[in-house]
Amino acid sequence: MKSIETSGKTVDQAIELGLYKLETTRDKVKIDILTEGGLFDKAKVKITLNESSSEEIEILELVNNILKQLNINCSATVETTEDGFKVDVSGEDAGAVIGKRGDTIDALQYMVSQIFNKTKSKEEYKRISIDCEKYRERRVETLKILAVRLASKAIREQQVVKLEAMNAFERMIIHTELQKNDRVSTESKGEEPNRYLTIIPKRLTNKDKKEAKNNDIAIDENSSSRVDNN
């Protein structure tokens, strides 16, 4: 990998000088701050130009081609992770990439993963995660807030609370968050793609639980959307 060391009055000046010399931008380099500088010393940084692997290039072209075919004005970047690759999509049509409740980005992630791994063995399989302007990060926080709020409702009303249908990843977030709460338990029900979670207050007896199965409290589908918008 090509790298250079540059210095300046501030760290930012040193970085800008290095980017100018490499004729590149921040998203394409790794920056190590060697010294932050001070009254008498200059700041010094080491800038290393990222070199994409053939697999990264393959994934990048695949995602960008799909976006182009869908007439979505966005572009992607990709980086290698411990178990595969992380793709970040951004641009004017970010909302179209995400879709309603993340349906579109989930479908894009599944499609890219299937195409990329179709000729690979089990040992060669690489996990591909696709996000768009930190949607998944925001969604995780939203689900955690929703989990706490509905657990409180289940405890307060001593009723089983039924959530809307969610994918496996989202159900796992709810499960994990409520493992911290010793006053409720969670249970998945139904079949994909309509599998959903129930939150059960632990004070309910087994008889109560059995009766509650036929009388779950249904949560309005817009519950999580309201939290998203806060």
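Q: What makes the meeting of glutamate 16 and arginine 26 a salt bridge?
A: In this predicted model, the side chains of glutamate 16 and arginine 26 come to 3.4 Å, N to O. The cut-off is 4 Å between a side-chain nitrogen of Lys or Arg and a carboxyl oxygen of Asp or Glu, so this pair counts. In general, side chains of opposite charge can pair when their charged atoms come close.

Q: Where in the chain do glutamate 16 and arginine 26 lie?
A: Glutamate 16 is in helix α1, while arginine 26 is in the loop between α1 and β2. The two are 10 residues apart, and their pair links distant parts of the chain.

Q: Why is glutamate 16 called partly exposed?
A: Its relative accessibility is 43%. Buried would need under 20% and exposed over 50%, so glutamate 16 falls in between.

Q: How do you know that aspartate 12 also forms a salt bridge with arginine 26?
A: Check the closest N and O atoms: they are 3.6 Å apart. That is within 4 Å, so the pair passes. Aspartate 12 sits in helix α1 (residues 11–22), 14 residues from arginine 26. Aspartate 12 has a relative accessible area of 47%, and arginine 26 has a relative accessibility of 41%. Both values lie between 20% and 50%, so each residue is partly exposed.

Q: What makes Asp12, Glu16 and Arg26 one network?
A: Their salt bridges share partners. Arginine 26 pairs with aspartate 12, and arginine 26 pairs with glutamate 16.

Q: How many salt bridges are there by this rule?
A: The count comes to 11. Another one of them joins lysine 44 and glutamate 5, with the closest N and O atoms 3.5 Å apart. This pair links lysine 44 in strand β3 (residues 43–49) to glutamate 5 in strand β1 (residues 3–8), 39 residues apart.

Q: Why do lysine 44 and glutamate 5 count as partly exposed?
A: Lysine 44 has a relative accessible area of 34%, and glutamate 5 has a relative accessibility of 48%.

Q: Why is the pair of phenylalanine 85 and phenylalanine 116 called edge-to-face?
A: First check that they pair: the rings are 5.9 Å centre to centre, and the limit is 6.5 Å. Then look at the planes: they are 80 degrees apart. Anything over 60 counts as edge-to-face, so that's the name. By this rule the count comes to one aromatic pair.

Q: What does the pair of phenylalanine 85 and phenylalanine 116 tie together?
A: Phenylalanine 85 lies in strand β5 (residues 84–91) and phenylalanine 116 in helix α4 (residues 103–117), so the pair ties together parts that are 31 residues apart in sequence. Both phenylalanines are buried.

Q: How do you know that lysine 120 lies close enough to count over the face of phenylalanine 116?
A: Lysine 120 is at 3.9 Å from the ring centre, and the distance limit is 6 Å. Lysine 162 likewise lies over the face of tyrosine 196, at 4.6 Å from the ring centre.

Q: Are cysteine 74 and cysteine 132 buried or exposed?
A: Cysteine 74 is at 13% relative accessibility and cysteine 132 at 0%. Both values are under 20%, so both cysteines are buried.

Q: Why can we say that the buried residues of α6 line one face of the helix?
A: In helix α6 (residues 168–178), the buried residues are Glu170, Arg171, Ile173, Ile174, Glu177 and Leu178. Seen down the axis of α6, they fall within an arc of 155 degrees, so they line one face. These residues pack against α5 (135–157), β7 (161–165), β8 (184–189) and β9 (196–201).

Key. Residues numbered from 1 in each chain as written. Predicted model: local features only at pLDDT ≥ 70, side-chain atom pairs only at ≥ 80, totals over all residues. Heavy atoms only, no water. Phe/Tyr/Trp six-rings, centres within 6.5 Å; stacked < 30°, edge-to-face > 60°. Helix = DSSP H or I, 4+ residues; strand = E, 2+ residues; numbered from the N terminus. Buried < 20%, exposed > 50% of the residue type's maximum accessible area, 1.4 Å probe, protein only. Lys NZ or Arg CZ within 6 Å of the ring centre and 35° of its normal. Arc of directions from axis to C-beta. Contact = heavy atoms within 4.5 Å.
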